[in-house]
Amino acid sequence: MKSNFLNFTNMKTIKLLFLPLFALALFSSCSDDDAPPAAVNPGELITDVEVVFTNENDPNDIVTLSAVSADGIVDPTVTASGPFTANADYTATITILDNVNNEDILEEVVEEKDEHFFAYAVNSAIDVVDMIRDDSIDPQRTDGNYLGLETAWTFGAASTGTFTLQLVHEASSVDDQFGEPFEFGLYTGGELDINNTWNIEIQ
Amino acid sequence: MFRYIGLLSLAFTCLSFGQDCNYTLLGELSDFHDGTPIVSATIYIKETNRYITSDLDGKFKIENLCKGKLTLTISHIGCETKTVSFNISGDTFKAIALEHHIEQLNEVSVTGSKTNRESKTAQQAVIKAKEIEGFSSGSLANITETIAGVSALNTGNNIVKPIIHGLHSSRVITMQNGVRMQDQEWGLEHAPSVDVNALQEITLVKGASALMYSGDAIGGAIVLKPVKTYNKDSLFGRTIAVYDSNNRGYSISSSLFKSYEKGWYIGGQGSYRRFGDSKAPDYVLSNTGLDFKAFSFQTGYRSFEESFNVYYSYLDNEIGILSSAHIGGIDQFIESIESGQPATIRDFTYDIRDPRQRIRHHLAKVEYERRFSKLGKLTLQYDYQRNQRQEFDRRRGDFKGVPSIDLLLQTHGLQSRFLFDSNERVKIQAGLQSQYQDNFADPATGVFRLIPDFERLDMGAFILSEWKLDNDYLLEGAIRYDYNHIDAQKIYRDFRWEERGYDQDFADIIVDENIAPGQLLTNPVYDFHNISIAIGAKRTIGNHEIALNYSLSNRAPNPSELFSDGLHQSVARIEVGNLRLGKETANQLSATYTYQNSRINLSVEPYINRIDNYIFIAPTELGIRIIGQAGAFLEYEFLATDALLYGVDFNLDYSLSERLSFKNSTAFIIGEDLDNNEPLIDMPPINTRNTIQYQNKKWNNLSLGLTSDFFAMQNNFPNYNFQYTVPSTGEDVLVDVSTPPSSYHLLHFNSSIETKLFKKSTLEIGFNIQNVFNINYRNYLNRLRFFADEVGRNFQIQLKFNY
């Protein structure tokens, strides 16, 4: 290799090689971390879920199954306010709240009822005699299925078991007759926005 | 022509007036690159219509010259013919440099499999335009998958990214026309933002040459080259139209280029693709459509001494994510595994609904090159990329249609390099690169940021050298230094901060303890200094070639590995980053044996790669986390371990006759987690691919081929299964997130025929069938394998029009 390395005109151009270094200095001076990022205001939260059972023959006999997640993200605290009365009829309704943003989520669910569906489940240990969707007040979806917001339950003999409430969003199909003779409901696809299980007791 | 007549008449004028015609011109011809004399060049003297030749020293002498202009045309085999003119006013000496590397400017026809290798001592592969065209409606990873040792990582059927020797994402870099793609390649479900129709060549580069691009490409670099024009007057283009029966998808891609002999060129290319839902043999894979638009444009000038290139490309890609994968938690996940088929099967549609991804990527580049006589070539480049990624989930109320993830990543890059190529035996290339990157995560999503806002600064310097000892020995070496600086602004939720023990170890990075209720703002800053080295040697003995390569590379953890935190609804899992991660260090040793004769081309490539601090994502100890009222979700976290990966790639090309050829490529890899003494997760299973191809040039270039593709079951996998009690039933279930699917064997058919349409145009018609027997199978490397089968049989018609 002949020593054209130190040729002056070449040297001048070759200085351009170091341009990225200067750019780096420029880049680092340009960068600013002054503005802190805005905290995200999480949407679509569900903090409080309640299923409120009222004894049809005794308005003072109310059993509330509640699940409370303080920020809608942490594991909810699940409680049943008390036992159900044996051989009694109850009507049940649901409340869903976002206490972080002070929103009534149930309103949204009813508004978008075609995309939503409540499904219930109880295990075999608990004596449930009857369960229907109360079609006189329960919102009906365009596909004919009842949403499952308003239900009527008949409990039998004293027993303990589990009760599950699920709210499914955008299921590909739902069936409110599932569980015959009960109407617990079945869905395929979609994703669960609520999936809580309570330990309950009939006394 | 008129100029020449003018010159001639001038010459005659000289003669006729009998002026001083006793001057002498001494000339010396040398090679532009290395200054070596050019012997026996033909020198045509216009004025006297005479020819002379240069001597052994490259010198020539013309006597009895008159005062005035003298025009010489100098030509030499392999050199660009050069015309020069001088004003003669006395005895003169002129040094003239000729260019003999004209292949860089003009088209050189390459036949056979001999290709210009980027890396000479490490494994590498080149895929040419012809082969790329066959995948006109596919993705980059579908093409690279044809290389032994390269597999594909899928999220459904439209999001596919390459895996090289078990390594993917940030460990594999994609170079698009000299620009390192910054398209959030860290994510498993982020495929390269590339339109394959814009590519003329795809090269897989490893070893020393890869260090020119980056020091952290532990897996390798995929180098993409756009269509190149040559210095001749021409107008050419191509249109490819494809119809796929499986997803009723149509694709069209067109390009047009104009080039001039003087060196100017301009051209562009555009593609449009629209796919509906794909079909597995037994059902529609609902919401797997694609809406893809891309175009690129380039212009520039190229002469031997100087060239510049302006390039711009844009891509807008909307991809549906399998509806059934968007589930609400572990209960539905278990149901999905148990039922063995997707929960949501709708009728075929072209509509893409949520969940879906939308990616928009702009890439702009300006490049300038200049050659210096007897020295080499300087390249300067600036590039800018803007990548916007939006992921849409099924949402409720006011958040309907609002993306859950909305990231804007902008990158500025500047690089310079110098190639010292004046010496035939020793080539040296040195360069500097700097890069500034800014990520913005839009808080309007109403979902906690999966990736935080960050700024990143990178600097790299490299020297690579290639040394040809003689015709049989070649040595390669490279060293590179990289500096990475990451400055993030990350908001943690208190529970996560405490659960990970960050309150103990990272208290000093807290900026605001209570930026919002239950949230704290931190400012994690990372600095990494990395040295990468690669050395290699190659020996040629007749038809045999043996190459050895060692490389040391380091990779800084990427923002996703460090900071991820949140629910990835479209794959129904929570991903948690790890602030404690350090850099990965890979020591890699590979060997290549190649045998080549007129009929056989065989290569065997064993390798071993020890990676300290290997970063991977795997289920957490509990496997699940309960999110608010929605129940339990799968939870994955980023972990680090020492890993050992080793394997062998095998390739055989055998021409049975002039028309019949056979091809095999087989890859085998083992990945071990040395710390936990178990296999690594997500390692490609053994794969062997056999192709038999018939081609007859006489019958309109008829080509018929059958490919058999066998994937074994991956028996080496870590067990992350866990027990879970389904709350609604009280049932204890073993959640199997680990067991890979069974082995499968696919058969593909391809055929094509060519006809001449006009003088300069050809039409090629292709008919292909993928998965001929409509086999049901699931792929271990598909993240959605828990939810649905892979795509079934597909008939494909391809029309290719070259003009």
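In this predicted model, G446(B) touches V40(A), N41(A), P42(A), G43(A), R395(B) and F399(B), leaving aside residues up to four places away in sequence; contact means heavy atoms within 4.5 Å. Local features require pLDDT of at least 70 and side-chain atom pairs pLDDT 80 or more, whereas totals for chains, interfaces and linings use all residues; side-chain values use heavy atoms, without hydrogens and water. Residues are numbered from 1 along each chain as its sequence is written, and chains are lettered from A in the order in which they are written.

**Setting of G446(B)**
- G446(B) lies in the loop between strand 25 (426-441) and strand 26 (453-468) of chain B, strands being DSSP runs of E, at least two residues, numbered from the N terminus.
- The residue is buried, at 5% relative accessible area (buried means under 20%, with a 1.4 Å probe and protein chains only).

**Extent of the interface**
- Contacts join 62 residues of chain B to 65 residues of chain A.
- About 5500 Å² is buried between chain B and chain A, 60% of it from carbon and sulfur atoms; buried area is the accessible area (1.4 Å probe) that two parts lose on being put together, summed over both.
- R394(B), R396(B) and Q629(B) supply 17% of the area that chain B buries against chain A, more than any other three residues.

**Salt bridges**
- The rule finds five salt bridges across the interface of chain B and chain A, each a side-chain nitrogen of Lys or Arg within 4 Å of a carboxyl oxygen of Asp or Glu.
- E108(A) and R396(B) form a salt bridge through their side chains (3.3 Å, N to O).

Conventions. Helices (H or I, at least four residues) and strands (E, at least two) are DSSP runs, numbered from the N terminus. Buried means under 20% relative accessible area, exposed over 50%, partly exposed in between (1.4 Å probe, protein chains only).
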